[in-house]
Amino acid sequence: MIESILYLIITVIKIVIIVLPIMACVAYLTLAERKIIGYMQVRIGPNRVNLSLLPGIRNLRGFGQPIADSVKLMFKEIIIPTNADKFLFVSAPILALAPALAAWAVIPFADGWVLADINAGLLYILAMTSIGVYGIMISGWASNSKYAFLGAMRSAAQIISYEIAMGFALVGVLMAAGSLNLTEIVMSQKGSFLHWFWIPLFPLFIVYFISGLAETNRAPFDVAEGESEIVAGFHVEYSGMLFAVFFLAEYANMILIASLITIMFLGGWLSPFEGIPLLEYIYLPGIFWFGAKVAFVLFFFLWTRATFPRYRYDQIMRLGWKVFIPITLVWIVVLGLLILFKLPPWFA
Amino acid sequence: MLENYMPIFLFIVIGLVIGIIVPTIGFFLGNRQPDSEKNSPYECGFEAFEDARMKFDVRYYLVAILFILFDLEIAFLFPWAVIFKSAGLFEFVAMMIFLTILVIGFIYEWKKGALEWE
């Protein structure tokens, strides 16, 4: 009895240790986004709310911005429209956030640093990321507003279309790794950075990255919330903390996709210098490499937003169905042949 | 075996709890002065003049059906992909036959225009 209570408490503490850094990452990802896009457009970005935690460093321009933003959102009025279905309206953001956080249960941050080392890890991730679309559908329906409804329809159709391409890309990863367990997927990429799956699975890597952008409704696939036509899409009626929950879910999903790309294609926590003379003696903890790779992928997420104009909706659907699905199908066959012929160094 | 899933269940519960706590903070701290104008659905300043739950394009429905088909195919591919490394030519050929049937269906719906948006 006491043992199981202790086990429960320890698990809850572990979960909090995972969730709090994710929340902090989400907060500072919003700042990074504004700063990076700012500098790309030759402006400074947010620079008013300074944080000077360390004496001597006086001018961390804009580093307090996420804190100021969240405090502002806390004190904003939550508006529930008269015609809305109140229960669904309030529960939709919760349904969007819970799976975006729960998916982190199986992510290995470093060797052995994983909450639940289950052998159906990837299947669980696929299930959790699929549930996220319900939050969007329900919010669009419950708001009883035209923009929200249109945004939800577009968003749901887009997400499920790209989920197929994503699923086929996952099949490729499974074939190469031979396991659904995320830790084993990373371990099967052991060796230098040339052993990582991004080389043999290069088309799937690109497809997964672009589908990840579409899944999280990021630019250039952000027609669902296209500001210039349907204002904010499915969350147009949401304000204050209810909006903040959608925001949290979206960015947590973004970091999740970046982590998955890191784990499946970029060797997770493995050092890129392994097997290279001299450089292999540089020892840094696995969590450092994991974080660095995730940050690298996220930078590309932000970069695409600064560079590309928004796609038209028919172009989005064409890319998903007529380009990505054929590419992934062909590459699954090619990969099958590569594995049959035991192509070194990956499948030897 | 199954006790590995206990932390996952707890994580889902905690995710839901966070999802409930965060808006609750907003309900307590936020100002609340509702009026009929503020609570009406947003339509760029116009009065909302009909129900928002209007007819929608049948293609959205079509996409959903196609999604179910393809997602099922992926579910079939998953167990095959996991054991593929230890399998041989027979398994490869078997799955190629399956994929060929899938591709024939895919070509059919492409030719029928189910994937066209304008």
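Begin by selecting A:Asp314 in this predicted model: with a relative accessibility of 18%, A:Asp314 counts as buried, because the cut-off for that class is under 20%.

Next, select A:Arg305 and A:Glu33, whose side chains meet in a salt bridge at 2.6 Å, N to O. A:Arg305 belongs to helix α10 (residues 286-307) of chain A and A:Glu33 to helix α1 (residues 2-40) of chain A, so the pair ties together parts 272 residues apart in sequence. A:Glu33 is buried, at 3% relative accessible area, whereas A:Arg305 is partly exposed, at 38%.

Now select A:Arg34 and A:Asp69, a salt bridge with its closest N and O atoms 3.2 Å apart. This pair links helix α1 of chain A, which holds A:Arg34, to helix α2 (residues 65-74) of chain A, which holds A:Asp69, 35 residues away. Over all chains, the count is four salt bridges.

Finally, display the contact between the chains, to which chain B contributes 69 residues and chain A 84 residues. The area buried there is about 7,000 Å², with 78% from carbon and sulfur atoms. Zero salt bridges are counted between chain B and chain A, while two residue pairs are in polar contact across the interface. On chain B, select α1(B), which gives the most to the side touching chain A, with 18 residues. That side of chain B comprises 48 nonpolar, 10 polar and 11 charged residues.

How values were computed:
Residues numbered from 1 in each chain as written. Chains lettered and ligands numbered in written order. Predicted model: local features only at pLDDT ≥ 70, side-chain atom pairs only at ≥ 80, totals over all residues. Heavy atoms only, no water. Contact = heavy atoms within 4.5 Å. Buried area = accessible area lost by both parts, 1.4 Å probe. Polar contact = N/O pair within 3.5 Å; in protein donor to acceptor, adjacent residues only side chain to side chain. Helix = DSSP H or I, 4+ residues; strand = E, 2+ residues; numbered from the N terminus. Nonpolar A, V, L, I, M, F, W, Y, C, P; charged D, E, K, R; others polar. Buried < 20%, exposed > 50% of the residue type's maximum accessible area, 1.4 Å probe, protein only.
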